[in-house]
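Good morning, colleagues. Please look at the sequence and the structure as I bring them up.

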Amino acid sequence: MKPFFYSLIACLLGQIATAADPPAIDPPNYDEAAIPEYTLPDSLTFEDGTPVTSAEQWPKRRAEILNLFSEHIYGFVPEGVSNQIFPTVRKEIDFLDGTATLKEVRIHFAKADGPFMDLMIVAPKGVEKGSPTFLGYNFGGNHITHPSTEISLPESWMRPSRTPGAVVDDKATEVGRGSTTRWPLQKFIDNQMALATIYYGDVDPDFDDGFENGAHSLFGKPEKPTEWGSIATWAWALSRALDYLETEPLCDAEKVAVFGHSRLGKTSLWAGATDERFAMVISNNSGCGGAALNRRRIGERVARINTSFPHWFNDKFNAYNENENALPVDQHQLMALMAPRPLHIGSASEDLWADPKGEYLAGAHATPVYELLGKQGMGKDIRYHLRAGKHGVTDFDWDQYINTFKTEVLAD
Ligand code: GTR
C-alpha cells in the first residue's frame, strides 16, 4: 500500500504543480536558420483589402494600424481617464558650472493632490526660444544622472539597484547619486539641447500590482482585456509631460525627441505612435514588444515577455504566446506609425535577446510608408545603428541620436 499511497500523493502534487505552472514556453532560439517562414502584414493595404495608393489615404490607414496595436498589444487608455495635469515648479537654479539651468517640476495627474511624477529639466542657458529637448524616462530616479545634491531624490517605490546601498526598503538613497553614465548631461548642453527626464516608477511602479498604485490608483483596474498595461500608461504620461513642456520656456515643445532604452524604448515607441506631437522618436535596444519583429521568434519572444512581465501589455496580447503569426500587426508597422517623422533605432551587437537584426528589419520594412509620404525611410528619416557591445546606453549611442536630431529635425 505504501508505494501506491506515495504515488497518489505525488500524482496529486503533480496536478497541483501543473495547474499553477506558467504556460509552456519554447526555449529561446538564436539561430537565424531556425526562424520559421513568415509573411509580414502589409502597412499599405486597408483592412478591407484595398490598397493605399496616396499620401492622403495614409491617415485613415494609420488609424487602423494604431487601433490594432492598441487592441492586441499595448492596450487602449480607458475611457474616463483625465488628461488634466497640475504642475508645480519646485526648483530652478544654475547648474553645471553656470552653463545650464536645473529645473524640477512636480506634475500631478488629474487632480491637484493626485499621484504625481517629478520632471527634471536640464537646459542650456541663454537660449531665447527654448531648446530642442530629449524627453525620456530613467530607471532609477532623476538623481542617478548626476552627483549633484541639488537634484531631489525620488519619493516613490524604487526598484532594486545594482549599486549597493542605492535603494533601501524600496526607497532611493543618497548613495545612488550620479550612479549611471547613461545620461551625458554636459554633452546635451554643449550641443545646445535640453534633457527632460522622469523616474518611470513615479507613473507606475514596475511590478504586477493589480493596478493599485501610481497613476493607475486614480483610474482603477482595466475593465476589458484590451485596456492598457504599464507600457501604455508610461507612454500616456510622456504625453502629459509634453503637455507641460508646451508651457515651459526652457524647452521648444515642437522639437521634442522622445527617447527610451529597453522596456522604456518600447515605451518611447508607443508614445511616438500615439502622440504625433513628438518631433522625433528614439528606440534604444527596445527588443521584443519594441522595434524587434515578433514573427522572427528569435531571442525574447511574446510568450516569454508576457510571462516574465504580465503587466506590461494588455491581456489580449497573451493570445499570441507561441502564436506570433496570428498577430494582425507586426512591429514594422509600429515603426511606420512614426512616419513622416524621424525615427532612430539603436541596437547593440551582443544584445541578441533584443534581436538587433529584427530591429533593423522593422525599420527597413517601414520604408514604403515613408516613401508614400514623400520621405526616404531607412538610411535617412529612419536611422539605424548597431553599436558594438552589450545592452545599454553609451555616449556613442547619444552621439548618433544627437546627430539625427540635428540633421533631421533642427536643420529644417
Ligand atoms: C528584460 C526584458 C526585455 C527588456 C529589458 C529591460 O528583462 O526581457 O524585454 O525590456 O528587461 O527593460 O531592461
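Which residues are around the ligand? They are Ser262, Arg263, Lys266, Glu300, Ile305, Phe309, Trp312, Trp353 and His391. Please bear in mind throughout that this is a predicted model.

Ile305, Phe309, Trp312 and Trp353 are the nonpolar members, Ser262 and His391 count as polar, and Arg263, Lys266 and Glu300 are charged.

I turn now to the contacts made by those charged side chains. For Arg263, a polar side-chain atom is placed 2.5 Å from a ligand oxygen atom. In the case of Lys266, the corresponding distance from a polar side-chain atom to an oxygen atom of the ligand is 2.9 Å. Glu300 also takes part: an N or O atom in its side chain is 2.5 Å from an oxygen atom of the ligand. How much of the ligand's accessible area does the protein cover? On its own the ligand has 320 Å² of accessible area, and the protein covers 79% of this. As to location, the ligand sits in the largest pocket.

Let us step back to the overall fold. The protein comprises 12 helices and 11 strands. Its C-alpha trace spans about 85 × 55 × 45 Å along the principal axes. The radius of gyration is 22 Å, which agrees with the value near 22 Å for a compact globule, because that is what the rule gives for 412 residues.

Finally, two details of the backbone deserve mention. The peptide bond from Ala339 to Pro340 is cis, its omega being near 0°. Pro340 itself belongs to the loop between α9 (331-336) and β10 (343-348). The other detail concerns Phe211, which has a positive phi of about 60° although it is not a glycine. Phe211 lies in the loop that runs between α4 (200-203) and α5 (216-219).

Thank you for your attention.

Methods. Residues are numbered from 1 along each chain as its sequence is written. This is a predicted model: local features need pLDDT of at least 70, side-chain atom pairs count only at pLDDT 80 or more; totals for chains, interfaces and linings use all residues. Side-chain values use heavy atoms; hydrogens and water are left out. A residue is near a molecule or strand if one of its heavy atoms lies within 4 Å of it. A polar contact is a pair of N or O atoms within 3.5 Å; within protein, one must be able to donate a hydrogen and the other to accept it, and residues adjacent in sequence count only if both atoms are side-chain atoms. Accessible areas come from the Shrake-Rupley method with a 1.4 Å probe; for residues, only the protein chains shown count as cover. On a 1 Å grid over the protein atoms alone, a cavity is a set of points where a 1.4 Å probe fits but cannot get out, and a pocket is an open set with protein on both sides within 12 Å along at least five of seven lines; lining residues have an atom within 4 Å of a point. A molecule sits in a cavity or pocket if more than half of its atoms lie within 2 Å of its grid points. Helices (H or I, at least four residues) and strands (E, at least two) are DSSP runs, numbered from the N terminus. The radius of gyration is taken over C-alpha atoms; the globule rule is 2.2 Å times the number of residues to the power 0.38.
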